[in-house]
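I opened my notebook today to look around a protein model. Here is what I looked up, one entry at a time.

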Amino acid sequence: KSHEELLVPPTPCHARTNVMFLKTHKTASSTVLNIMFRFAERYNLTVALPADQLFHLGYPRTFVAQFVEGFETIGQNYNIMCNHLRFNPLEVKKVMAANTFYFSILRNPISLLESSYIYYKDNVPAFRSSKNVNDFLESPTKYYHPADYRENIYARNIMWFDFGYDNNAEDNTNYTQAVLEEIEQNFHLILIADYFDESMILLKHTLCWDLDDVIYFKLNSRSQDTVQTLTPESKEQIKAWCSLDWKLYLHFNQSFWRRIEESIGLEALEKEVDHLRTRQKELMETCLSEQEAVRKDHIKNKALLPFQSGAADILGYNIKQDLDDTTLRTCQKMVIPELQYMSYLYAVQHPHKKRKDLGLPLLWTSLQEK
C-alpha cells in the first residue's frame, strides 16, 4: 500500500458547549461576552445569568452560586457563564458542569490603567481626587487610601482582584508564583486583549468553533478624544504600582504565544487573522450604515445605546434600514450592548420572573420576534 493511504484522517472535533469566561474589566471583555451570548443562542444553551435585578454576578463581592438566577432548581446544568464576577472556583464549580472549559482575557496594565481612569473617574476616590492620570501616577499613595480599598479596586491591580486575589497584596516572588500556578490550574486558556484577533483564532481552534462564532464588532470602546497620553514616567510607574497585574500579564502573554506556536503556528495564524478581518469587514458592510462605531448622541435607536460611564464617550452602532428579517437579527446581535443582551436572554430563560429594569427601550419587545 502506498504511504498516503495509511495516514489516518484527522478526527473532526466537536464544538465545546460548556464554557466559563471570566470577564475582566476594561480588557475588551464586553466584545467576548457578545460572542458568548451569540454562541449560546446558536446552540440553544443555558446561560448562568445574574439573579433578580442584579446586572452582574455579585461583583465586586466574591462569587457565590446564589448570585445565579435559578441555581436552586437548575443546579449544575448551566452551559455558559460569562457575566462579571469575582472568581471563586469552588462556587463556580457548583454551577458549571464538570467538563467545563475555563478561559479569561488579560490586557497590558499600562493601557488598562489609563482606560480604567477615564471610565471610572467619577466612581473611584483615588481617581476622582487627582487632576488627570499622570497626576495620579506621580504619587498614587497620595490619592489611594487603604480605607477606601473597596471603591478603589479599579485603581490598582484590577485583574488580580477579578481573579479573586488581594489587589493590595505585597508583591513577593513566592506569593505571585503560587497565584500564577493556581490560575494555570483553574483556567485552560488565557487570551490577550492587545492581540484580540489572534486571541479569537486561538479560541476558535481550542474550542473547535466556527469562524462566524468568533466574528465580532468591537463593543464598549470609547471615542479617541477621551484617551489621555501617558508620560514615559507614568508608564514605568504603572509597572511598579500595578506590579501584580504586570507579572500576571507578562506570564500569560508568554504562554499565549507559546500556545499559538504549538497549536497553530505563526504563519497559519496570520492567514486566519486575515480571513477573520475580511469576514468582519463584509459583515460591517452588510450591517452598518456607517462603517464604524459612532458617538452616543449619534446612535439613532436608543435600544442600542451602550451604558455610559465616567468621562468616556462609549461608542455604539447604527444598523442599516431595509435589511431582511434574518440579516437584521444577525446584525442586531452583533451590536447589542451587554446589558440589553443580558436582560433579553434573562427574559427568554426566565419568562416568569420580573424583567430587568434597564431604563432603556427594549430592542425586541416580544420574544416571538426572535
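Which residue stands opposite Met 20 in strand 3? I found Tyr 102 there.

**Ground rules.** I noted that this is a predicted model, where local features need pLDDT of at least 70, side-chain atom pairs count only at pLDDT 80 or more, and totals for chains, interfaces and linings use all residues. Residues are numbered from 1 along each chain as its sequence is written, and side-chain values use heavy atoms, with hydrogens and water left out.

**Overall picture.** I looked up 15 helices and four strands in the protein. Helices (H or I, at least four residues) and strands (E, at least two) are DSSP runs, numbered from the N terminus. For its 370 residues, a compact globule would have a radius of gyration near 21 Å, and the protein agrees because its own value is 21 Å. That radius is taken over C-alpha atoms, and the globule rule is 2.2 Å times the number of residues to the power 0.38. Of the 370 residues, 54% count as buried. Buried means under 20% relative accessible area, exposed over 50%, and partly exposed in between (1.4 Å probe, protein chains only).

I traced an open sheet of four strands in the order 2-1-3-4, with parallel pairing. Its edge strands are strand 2 (80-81) and strand 4, each of which pairs on one side only. Two strands pair if DSSP finds at least two bridges between them. Strand 1 (residues 19-22) and strand 3 are joined in parallel by four bridges. Four bridges also link strand 3 (residues 101-106) to the parallel strand 4, where Ser 104 stands opposite Ile 190.

**Helices over the sheet.** Helix 1 (residues 29-42) lies across strands 1, 2 and 3, at about 165° to strand 1. Helix 10 lies across strands 1, 3 and 4, at about 155° to strand 4. Axes are lines fitted to C-alpha atoms, for helices over the stretch in contact, and angles run from 0 to 180 degrees between N-to-C directions.

**Leu 191.** I found Leu 191 in strand 4 (residues 189-192). Is it buried or exposed? Leu 191 is buried, because its relative accessible area is 0%. Leu 189 and Leu 191 point one way from strand 4, Ile 190 and Ile 192 point the other way, and all are buried. Leaving aside neighbours within four places in sequence, Leu 191 has contacts (heavy atoms within 4.5 Å) that include Phe 103, Leu 203 and Phe 256.

**Helix 11.** Which residues of helix 11 are buried? I listed Ser 234, Ile 238 and Trp 241. Seen down the helix axis, these buried residues fall within an arc of 75°, so they line one face of helix 11. The arc is that of the directions from the helix axis to the C-beta atoms. On the other side, Pro 232, Glu 233 and Ala 240 are exposed. The buried residues of helix 11 pack against several helices, including helix 4 (109-119) and helix 12 (243-263).

**Asp 212.** My last stop was Asp 212, in the loop between helix 10 (196-207) and helix 11 (232-241). Asp 212 counts as partly exposed because its relative accessibility is 40%. Not counting residues up to four places away in sequence, Asp 212 touches Arg 38 and Arg 279. Its side chain makes a polar contact with the side chain of Arg 279 (2.9 Å). A polar contact is a pair of N or O atoms within 3.5 Å; within protein, one must be able to donate a hydrogen and the other to accept it, and residues adjacent in sequence count only if both atoms are side-chain atoms.
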